[in-house]
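I opened a model and wrote down what I looked up, one topic at a time.

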Amino acid sequence: MTEPILSSLPLWILLLPLIGFLLNGVAYPLAAKGIRHTHAGVSGSVATLVMFISFILACRGFAAISGEASVLTTGAFNWIDIPGMQMAVSLRIDRLSSLMTMIITGVGTLIHLYSIAYMSEEKGVARFFAYLNLFCFAMLLLVLSDNLLFLFFGWEGVGLCSYLLISYWYSEPANADAARKAFLVNRVGDLGFVLAMAILFFLYRSLNFTDLIQKFGPEPLLGVAAFLLFFAATGKSAQLPLYVWLPDAMAGPTPVSALIHAATMVTAGVYLFVRLHGLFDLFPALMHCVAWIGVLTALLGGTIALVQNDIKRLLAYSTVSQLGFMFLAVGVGAYHAAVLHLMTHAFFKALLFLGAGSVIHASGGEQDMRKMGGLARAIPLTYATMLVGSAAIVGLPFFSGFFSKDAIIFETLTLARGSSLLFIFALLAAFLTAIYTARLLVMTFWGEARTQHHAHESPPLMTFPLVVLAVLATIGGFFGFPNEFGHALGWDHSNLLAGWLNPVVPVVHPEAGAVPEWAVS
């Protein structure tokens, strides 16, 4: 293992969205003599540019740590330095955070670009792009921090930005109510995070990930901290019983749904589990609970999605269901499968949300699928990309969701913490995904038109991100091509994602758990 390398890359990746926030939130409104005089072309270009540069730097960081378990870190300075308590501000790019950083900045760049056209008729739109940049800053702080305290600052930051973006059209009471609901429900979960940090600091006098991983042991009080972190994750990642905020969060503009509720914020709980897997693995009973919460959430979200007529709310409950699959994966110990589904979900769900925005744009603002129909002829490019996203989320061979969802279902049956009942419920949840996705396509794109509105294709700034995401939703799963299939084809290491993450999150092989615990308990 190589020693951490000092680098300014993590700092610049983090600061660029913050610079965009200051330019759009302060400098541009002052120059335009009022935020109401700001335009989407200018503010959107600034916001997109800083995100794109951050993405380029994230790719450079990814390339720089391609050696054996190397790490890039900023030079830390002491933020708190008193007897008995030292806390340093330090950023870290390792193999897990580099992958998360590229997803956040890459998908974020496409969503920012899409938003320029989508929000072009809004007045004072610099506020919207300032909030988007601030959200990306907070999410990057969450994944780049090398300790729990600053991860928590990012955790709270995305919650604040979610409130600001959901209530962007705050003059409508329903939007303000949805934002308050999201904010308050997340605060309930976040109380668990604060208490868990207090317990961990009491036990180990440190919140640094490296220190904690070396000190973790099977202590009863540590089990309480693990449960509290799990409770916090259920709020941020919309699991039972704290999932209720996410469907109402669709009140915000559609790009908000794509960024916050598909590609980034809601996966924070999954990231926390993977980052602290050494803690959670000490408590198998808790992880059984995590797996069951995940699979039940997947079933509940899929069941409710079956009867939704609002296209965005259907996709919202779909997100709840897919997050349930990720929690099922971490619960049974399939951490690599969880990260793979996190990545593929970012691609196909961002595509589906942005595609839904294109459908709404083409339909004159209509979101009720009962008033659509026949749109495949009017918006063929949107239809083609939505078809790809639907194939990916359903898991048709060989789209991205096929590899990630198949890996979760397979390891639910074969790993030691899995069970046949979890396997059956996961299959049922996957079947529900196929039903509600087919219903979306039939009601929206097929059959006869049920509206008099003249539908038209979205402008290139909206369709270009759809095409890029459609490509990623098609090929993204091949990074997790199963080693079992690869060996049959003569490939030694076909699962590139597992090989990449292995120095940070060791692989748990199915062979080691060929007889699940349920069979011998």
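My entries on this predicted model follow.

**Entry 1: helix α3 and its cap**

I began with helix α3, which runs over residues 95–118. I wanted to know how its length compares with what its 24 residues should span. At 1.5 Å a residue the helix should span 34 Å, and its end C-alpha atoms are 34 Å apart, so the two agree. Next I checked the cover: 24 of the 24 residues of α3 are buried.

Which residue caps the N-terminal end of α3? I found Asp94 there, with a side-chain oxygen 3.1 Å from the backbone nitrogen of Leu96. Asp94 is itself buried, because its relative accessible area is 3% and the cut-off for buried is under 20%.

**Entry 2: salt bridges**

Asp94 came up again when I turned to charged pairs. The whole structure holds ten salt bridges, and one of them joins Arg275 to Asp94, with the closest N and O atoms 2.7 Å apart. Arg275 sits in helix α11 (residues 268–275) and Asp94 in the loop between β5 (92–93) and α3, so this pair ties together parts that are 181 residues apart in sequence. Arg275 is buried too, with a relative accessible area of 9%.

Then I looked at Glu156, which forms a salt bridge with Arg187; their closest N and O atoms are 3.3 Å apart. This pair also links distant parts of the chain, with Glu156 in helix α5 (residues 148–166) and Arg187 in helix α6 (residues 173–204), 31 residues apart. Glu156 is partly exposed, at 23% relative accessible area.

**Entry 3: aromatic rings**

How many aromatic pairs are there? My count came to 20. I picked out Phe273 and Phe280, a tilted pair at 4.3 Å centre to centre with 35° between the planes. Phe273 is buried, at 0% relative accessibility, and Phe280 is buried at 0% as well.

For another pair I took Trp292 and Phe425. Their ring centres are 5.7 Å apart and their planes stand at 85°, so the pair is edge-to-face. Trp292 is in helix α13 (residues 284–305) and Phe425 in helix α19 (residues 420–445), so the pair ties together parts 133 residues apart in sequence. Trp292 is partly exposed at 29%, and Phe425 is partly exposed at 23%.

Going back to Phe273 and Phe280, I saw that ring pairs link them with Phe227, Phe230 and Phe327 into a cluster.

**Entry 4: a nonpolar patch**

Leu381, Phe398, Val467, Val471, Ile475 and Phe478 make a nonpolar patch of about 500 Å². Which helix gives the most to the patch? That is α20 (residues 460–475), with three residues. Phe478 is in the loop between α20 and α21 (483–488), and its relative accessible area of 37% makes Phe478 partly exposed.

Phe398 lies in the loop between α17 (380–394) and α18 (400–414). I also noted a cis bond from Leu240 to Pro241, again with omega near 0°, and placed Pro241 in the loop between α8 (220–236) and α9 (245–248).

Ala238 sits in the loop between α8 and α9 too, and its phi is near 55°, a positive value in a residue other than glycine. Ala238 is buried, at 0% relative accessible area. Lys33 also has a positive phi, near 60°, in the loop between α1 (9–31) and α2 (40–64). Lys33, however, is exposed, with a relative accessible area of 72%.

Technical notes
Residues are numbered from 1 along each chain as its sequence is written. This is a predicted model: local features need pLDDT of at least 70, side-chain atom pairs count only at pLDDT 80 or more; totals for chains, interfaces and linings use all residues. Side-chain values use heavy atoms; hydrogens and water are left out. Patches are made of residues with over 30% relative accessible area and no salt bridge: like charges are joined within 9 Å, nonpolar side chains (Val, Leu, Ile, Met, Phe, Trp, Tyr) within 5 Å. Accessible areas come from the Shrake-Rupley method with a 1.4 Å probe; for residues, only the protein chains shown count as cover. A salt bridge is a side-chain nitrogen of Lys or Arg within 4 Å of a carboxyl oxygen of Asp or Glu. Helices (H or I, at least four residues) and strands (E, at least two) are DSSP runs, numbered from the N terminus. Buried means under 20% relative accessible area, exposed over 50%, partly exposed in between (1.4 Å probe, protein chains only). The expected span of a helix is 1.5 Å times one less than its number of residues. A polar contact is a pair of N or O atoms within 3.5 Å; within protein, one must be able to donate a hydrogen and the other to accept it, and residues adjacent in sequence count only if both atoms are side-chain atoms. Rings of Phe, Tyr and Trp (its six-membered ring) pair if their centres lie within 6.5 Å; planes under 30 degrees apart count as stacked, over 60 as edge-to-face and the rest as tilted.
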